[in-house]
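Here's a quick tour of charged and aromatic side-chain contacts. Have the viewer open and follow along.

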Amino acid sequence: MAPASVTQTARRLALTKSAPTLVAIEVLASETGLHPDVIRRFVQFGLLDPQGGTRAAPLFRAQDALLLSRAARLRRDLGVNYAGAVLASELLARIDELERRLRAGAPVHPRQEVTTWTRTA
């Protein structure tokens, strides 16, 4: 299967209204063109988390097909390792979310971290 058609298939799986909410790893593998072991590897690196099922047969959100396709493209096209593909995917997802909020006119505030200092002697 050509890379472009894999991406289109993953997008269709994620956006189809009739698609089940949760899908088995085999369905993700089929729709993204990735081997189930590659998907398990991405799970180990934290790209996606099972949303149901069992440890032996985890279930994932249909939208995870897009995350997997993006990470696989980063690995294939840029030659980054698994950890790098996961990090880049997370950053790209964050950028997508911020751009979506900007287009919607919602305020975009940076994450505010509060540092408290205590005196210890």
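Is arginine 100 buried, partly exposed or exposed, going by relative accessible area? Arginine 100 comes out as partly exposed, with a relative accessible area of 44%. Keep in mind that this is a predicted model. The rundown below covers salt bridges, of which there are 6, and then the aromatic pairs, of which there are 2.

- Arginine 100 has a salt-bridge partner in glutamate 97, with N and O 2.6 Å apart.
- These two residues sit 3 apart in helix α5, so about one helical turn separates them.
- Glutamate 97 is partly exposed, at 29% relative accessibility.
- The contact belongs to a salt-bridge network that joins Glu97, Arg100 and Arg101.

- Aspartate 96 is partly exposed, with a relative accessible area of 35%.

- Arginine 61 and aspartate 64 meet through their side chains in a salt bridge, 2.9 Å from N to O.
- Aspartate 64 is down at 1% relative accessibility, so it counts as buried.
- Arginine 61, at 34%, counts as partly exposed.

- Phenylalanine 42 and tyrosine 82 pair edge-to-face, at 5.1 Å centre to centre and with 65° between the planes.
- That pair also connects distant parts of the chain, with phenylalanine 42 in helix α3 (residues 36-44) and tyrosine 82 in helix α5, 40 residues apart.
- Phenylalanine 42 and tyrosine 82 are both buried, and tyrosine 82 has a relative accessible area of 17%.
- Phenylalanine 45 and tyrosine 82 are a stacked pair, because their planes are at 10°; the ring centres are 6.0 Å apart.
- Phenylalanine 45 sits in the loop between α3 and β2 (52-53) while tyrosine 82 is in helix α5, so the pair ties together parts 37 residues apart in sequence.
- Phenylalanine 45 is partly exposed, at 35% relative accessibility.
- Put together, Phe42, Phe45 and Tyr82 make one aromatic cluster.

**A charge over the ring**
- Tyrosine 82 also has the charged end of arginine 75 over its ring, 3.8 Å from the ring centre.

Key: Residues are numbered from 1 along each chain as its sequence is written. This is a predicted model: local features need pLDDT of at least 70, side-chain atom pairs count only at pLDDT 80 or more; totals for chains, interfaces and linings use all residues. Side-chain values use heavy atoms; hydrogens and water are left out. A salt bridge is a side-chain nitrogen of Lys or Arg within 4 Å of a carboxyl oxygen of Asp or Glu. Buried means under 20% relative accessible area, exposed over 50%, partly exposed in between (1.4 Å probe, protein chains only). Helices (H or I, at least four residues) and strands (E, at least two) are DSSP runs, numbered from the N terminus. Rings of Phe, Tyr and Trp (its six-membered ring) pair if their centres lie within 6.5 Å; planes under 30 degrees apart count as stacked, over 60 as edge-to-face and the rest as tilted. A charge sits over a ring if NZ of Lys or CZ of Arg is within 6 Å of the ring centre and within 35 degrees of the ring normal.
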